[in-house]
Amino acid sequence: MQSPSVASPEPIFIGFHALSDPLRISVIELLRNKELCVCDLCDALGVSQSKLSFHLKTLREARLVRSRQEGRWIYYSLNIPQFAVLEQYLSEYRSLSQIVPARLCKEPS
């Protein structure tokens, strides 16, 4: 059943998938307070640019990070409104006070 406040579940699926990898979480943590260029991210994470590019693409497709190019450098920052979408989805579970138990199943005759 789809929540009435979520127009499409796709951003939720894509967002949580993007957050399911430890390296991508590390990228998010590094971008928490400031914009960084891809070279700074590679240095901080100790990974090659080709490996990081795959993960940054996943984060961009989930709209969790933004990129901008300045000269030959690409800079990344968090896209806070998309985090708000995921937060809104999760917050709806806080309001659940009690889960209704399942009906009793009958033994086959």
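This is a predicted model: local features need pLDDT of at least 70, side-chain atom pairs count only at pLDDT 80 or more; totals for chains, interfaces and linings use all residues.
Residues are numbered from 1 along each chain as its sequence is written. Local features need pLDDT of at least 70 and side-chain atom pairs count only at pLDDT 80 or more, while totals for chains, interfaces and linings use all residues; side-chain values use heavy atoms, with hydrogens and water left out.

Colleague: Are the axes of α2 and α3 parallel, perpendicular or oblique?

Modeller: The axes of α2 (residues 22-30) and α3 (residues 38-45) come within 11 Å and cross at roughly 120°. Axes are lines fitted to C-alpha atoms over the stretch in contact, and angles run from 0 to 180 degrees between N-to-C directions. Under 35 degrees counts as roughly parallel, over 145 as roughly antiparallel, 65 to 115 as roughly perpendicular and the rest as oblique. Therefore α2 is, relative to α3, oblique.

Colleague: How many residues of the contact of α2 with α3 are nonpolar?

Modeller: From α2 come L23, S26, V27 and L30, and from α3 come L41, A44 and L45; contact means heavy atoms within 4.5 Å. One residue of this contact is polar and none is charged, and the number of nonpolar ones is six.

Colleague: Is Q82 buried or exposed?

Modeller: Q82 lies in helix α5 (residues 80-94). Not counting residues up to four places away in sequence, Q82 touches P11, A62, R63 and L64. Buried means under 20% relative accessible area, exposed over 50%, and partly exposed in between (1.4 Å probe, protein chains only). Q82 has a relative accessible area of 8%, so Q82 is buried.

Colleague: Which helices do the buried residues of α1 pack against?

Modeller: In α1 (residues 10-18) the buried residues are P11, I12, G15 and A18. They are on the same side of α1 because they cover an arc of only 135° around the axis, taken from the directions from the helix axis to the C-beta atoms. These buried residues pack against α2, α4 (49-61) and α5.

Terms used. Helices (H or I, at least four residues) and strands (E, at least two) are DSSP runs, numbered from the N terminus. Ala, Val, Leu, Ile, Met, Phe, Trp, Tyr, Cys and Pro count as nonpolar, Asp, Glu, Lys and Arg as charged, and the others, Gly among them, as polar.
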